[in-house]
Amino acid sequence: MDNQTISPRQFMFLVILFIVGSSILIVPTPLAAGAKNDAWIAISLSVAVGVLLVFFYNQIAKLMKGQTFVQATISVFGNWFGRVILFFYLSFLYVLASLVLRNIGDFMTTLIIPETPLQFTHILFLLVVIWGAYLGIEAIGRSAEMFMPWVVLLLIFFTISLSPQIKIENLQPIFGNGITPVLSSSMVVIGTPLLELVTFLMIIPYVKEEKTTRKAWLLGTFIGGAILTLITLLCILILGSDLTALNTYPSYKVAQKINIAGFLEGVEIFVAIIWMLTIFFKLTILFYSSTVGIAQFLTMDDHRPLLLPLGMGVIVLSIIAYPDVAYFESFVGETWFSYALTHGLLIPGIVGIALLIKSSREKKKNKSQTPSPSNS
């Protein structure tokens, strides 16, 4: 499995799909609740912070020298303390995978197939995710390359078909409540999905062309953030900030308003399919990264024997993680940012500093061992 590689282009597509992921459904609501009609400004500020985060992650990836985050942490901190740090990092990926699975389950059982039990939706969706993780990162990267044009085309259709219903006055007044609500609301998007990009420290060693990969990560973050900004802007322009804040899935509500010449209606299901695709890729990346990381944590040669038992654990955790959608929105708004900050910034920061110290010591050691040229 270690021989598998993906191109920087595929890596960029994975970053875009990961950022869009479940955030396209859940992010506009808390943003509109906090920043009102300035929600689009809040998410734009978040994207700028996300780009800085990716610069930070790229520096850590450079110091890892072709290792995954798990391998690099064990190599710099040793078997015991390194594994203590990794326990929290891997738990973060695993819990996040279960939350993303619950997001798609709630969406499907609320709006698409309300009479289907939640557990069956989770099982069926996760079976495909397990199969994707079994095939490996190369298959996941190729799938992203294949589906990305369809996502882009549908987003273009989504934007153009809704343009007659746009009401510019919904954006006014800009900064009507001051800048403080905008700044506080931007924390929601920084927490999810931008700090979650720490997951890609498990993926980046499998990408060819190291220099191009860093650019691909930055470009993917910018494009993914731009898509989220566009969706949030459309929700505000069409529904207004109050209705956006009241709807659990405002972007789906907006899609229901598509009406072309009075005969093309009910196309929101196609939009929902694209959202399911983006959530599928986010969940697959998380599940693959967590299983590979746990396999390396346990010094196993192959992650595939862990897929089924860990998949069953994700299903159970997704059911008990939170009792209802209202609890989830409260959790995301009040708790998730600090949780994501700890695992997406503090832990990588500690490991990055240790890797930097180790690298500088190795350079000094190599310099001292290099024989000086003899005087002729």
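A residue is called buried when its relative accessible area is under 20%, exposed when that area is over 50%, and partly exposed in between, using a 1.4 Å probe and protein chains only. This is a predicted model, in which local features need pLDDT of at least 70 and side-chain atom pairs count only at pLDDT 80 or more, while totals for chains, interfaces and linings use all residues. Residues are numbered from 1 along each chain as its sequence is written, and side-chain values use heavy atoms, with hydrogens and water left out.

Begin by selecting leucine 218, which sits in helix H10 (residues 210-246); helices are DSSP runs of H or I with at least four residues, numbered from the N terminus. With a relative accessible area of 19%, leucine 218 is buried. Setting aside residues up to four places away in sequence, leucine 218 touches Val51, Val54, Phe55 and Asn58, where contact means heavy atoms within 4.5 Å.

Next, select lysine 282, whose C-alpha atom is separated by 17 Å from that of leucine 218, 64 residues away along the chain. Lysine 282 forms a salt bridge with glutamate 196, and their closest N and O atoms are 2.7 Å apart. This pair links distant parts of the chain, 86 residues apart, with lysine 282 in helix H12 (residues 268-297) and glutamate 196 in the loop between H9 and H10. A salt bridge here is a side-chain nitrogen of Lys or Arg within 4 Å of a carboxyl oxygen of Asp or Glu, and the structure holds 6 salt bridges. Both lysine 282 and glutamate 196 are buried.

For another such pair, select aspartate 106 and arginine 102, which form a salt bridge with the closest N and O atoms 3.0 Å apart. Because they are 4 residues apart in helix H6 (residues 79-112), aspartate 106 and arginine 102 are separated by about one helical turn. Aspartate 106 and arginine 102 are both buried.

Now select aspartate 38, in the loop between helix H3 (28-35) and H4.

Finish at isoleucine 174, in the loop between helix H8 (137-162) and helix H9 (180-194). Isoleucine 174 counts as partly exposed because its relative accessibility is 48%.

Key
Helix = DSSP H or I, 4+ residues; strand = E, 2+ residues; numbered from the N terminus.
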